[in-house]
Amino acid sequence: MELTWISLAAIVFGASSAVADGGHAIHQEGAIISPADAGKVADFDILAAHAHRNGNTVTFHMTTSGTAGASVPAATGAVGGSDVWSYVWPTSLDPSAVGFEGGTGILAMAATSHPDFDDTPLFDENGDGDPANDGIEWHSHWVVLTPTEACGPGALAVRDIPEGATPELPATWPGFPIFLDSPGFTPLFDGPEIKVNAGFASGVELEGVAYDGVTSALRVNASIHAPLLCVTDVFDVASGDLSLPGKLQ
């Protein structure tokens with residue numbers, strides 16, 4: 001689909017919903033600016049992606065053309081073949097920065113919604129006393145992404161854990177046989193903006209970490225077998241080419 005290229009000035013002054021708050025990603029120095037595209041679903045059409053740090057806390061945020069988080073996948077009634085929609089910030093951090101086995105792929109922060117299963121067993125996102133029924137609520141994950149041809153030519157997947165393998169995993173790994181962590185960082189929404197505040201251990205070097213912004217869909221394998229979770233559709237990439245041009249300051 002052909003992109004409609006418009007200037008940053010047109011975005012700032014023409015998209016009134018995206019300028020409601022001067023703290024949004026689109027207003028930040030060094031943000032990755034992305035052209036609006038009327039052909040995309042507005043809440044997954046990225047206008048800007050940004051990350052900044054305050055000590056050991058990193059704020060990942062993204063400005064969209066619409067209302068961030070407004071759309072969620074339809075329930076299928078089964079885990080196999082079900083969809084996951086996501087806002088993702090791929091980084092240059094080694095996966096060991098958050099407790100995964102080092103050198104295993106691209107570490108990314110993701111905010112996801114998926115109504116057919118719950119992968120945050122330690123958290124009760126909807127506050128009803130049951131921590132196992134909250135998958136549709138937007139929640140955060142660390143994921144390790146790797147090129148996986150079984151998902152399609154050039155496709156990415158969340159890295160699988162082969163049967164019998166015992167890689168290093170974060171303390172809040174939810175038990176799925178993939179490189180997925182459920183750290184409990186709550187996604188926050190403000191009109192066109194989504195942000196996630198992520199905490200790191202004191203020994204993690206954060207200065208100059210590269211990042212990007214992506215909106216995408218993933219799908220659980222129908223047989224719930226490796227590869228378990230494939231990226232099936234990329235809605236938008238802030239940089240246009242996943243080059244991670246953003247730099248954490």
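Phe44 is buried, at 3% relative accessibility. The term buried means under 20% relative accessible area, exposed means over 50%, and partly exposed lies in between (1.4 Å probe, protein chains only). The model is predicted, so local features need pLDDT of at least 70 and side-chain atom pairs count only at pLDDT 80 or more, while totals for chains, interfaces and linings use all residues. Residues are numbered from 1 along each chain as its sequence is written, and side-chain values use heavy atoms, with hydrogens and water left out.

## Aromatic rings

The structure holds 11 aromatic pairs. Rings of Phe, Tyr and Trp (its six-membered ring) count as a pair if their centres lie within 6.5 Å; planes under 30 degrees apart are called stacked, over 60 edge-to-face, and the rest tilted. Two of the pairs share Phe235 and are set out below.

| Pair | Centre to centre | Angle between planes | Type |
|---|---|---|---|
| Phe44 and Phe235 | 5.0 Å | 40 degrees | tilted |
| Trp85 and Phe235 | 6.3 Å | 90 degrees | edge-to-face |

Where do the members of the pair Phe44 and Phe235 lie? Phe44 is in the loop between strand E1 (32–33) and strand E2 (46–54), and Phe235 is in strand E13 (residues 229–237), so the pair ties together parts that are 191 residues apart in sequence. Strands (E, at least two residues) and helices (H or I, at least four) are DSSP runs, numbered from the N terminus. The pair of Trp85 and Phe235 also links distant parts of the chain: Trp85 belongs to strand E4 (residues 83–90), and the two residues are 150 residues apart.

Phe235 has a relative accessible area of 21%, so this residue is partly exposed. Trp85 is partly exposed too, at 23%. Ring pairs join Phe44, Trp85, Tyr87, Trp138, Phe189 and Phe235 into a cluster.

Arg159 lies over Phe179, at 5.8 Å from the ring centre. The rule for such a contact is that NZ of Lys or CZ of Arg is within 6 Å of the ring centre and within 35 degrees of the ring normal.

## An open sheet

Strands of a sheet pair through backbone hydrogen bonds, either parallel or antiparallel. Here five strands form an open sheet in the order E1-E2-E3-E10-E9, with antiparallel pairing. Two strands are taken as paired if DSSP finds at least two bridges between them. E1 and strand E9 (188–190) are the edge strands, each pairing on one side only. E9 is joined to strand E10 (residues 193–199) by three bridges.

The loop between strand E12 (214–220) and E13 contains Pro227. A cis peptide bond joins Ala226 to Pro227, with omega about -10 degrees. Ile224 is found in the loop between E12 and E13 as well. Ile224 is a residue other than glycine with a positive phi, near 50 degrees, and is partly exposed at 48% relative accessible area.

The loop between E13 and strand E14 (246–247) holds Leu242. Its phi is near 55 degrees, again a positive value in a residue other than glycine. Leu242 is partly exposed, with a relative accessible area of 36%.

## Pocket and cavity

On a 1 Å grid over the protein atoms alone, a cavity is a set of points where a 1.4 Å probe fits but cannot get out, and a pocket is an open set with protein on both sides within 12 Å along at least five of seven lines; lining residues have an atom within 4 Å of a point. Grid points are joined across faces, edges and corners, and a volume is the space filled by probe spheres set on the points.

The largest pocket has about 270 Å³ of space. Of the 22 residues that line this pocket, Val88, Leu145, Ser216, Leu218 and Val231 are the closest to its centre. The lining divides into 16 nonpolar, five polar and one charged. Ala, Val, Leu, Ile, Met, Phe, Trp, Tyr, Cys and Pro count as nonpolar, Asp, Glu, Lys and Arg as charged, and the others, Gly among them, as polar.

The count of cavities of 30 Å³ or more comes to one. Residues lining the largest cavity include Val58, Phe60, Phe200 and Tyr211. Its lining has eight nonpolar residues, one polar and no charged.
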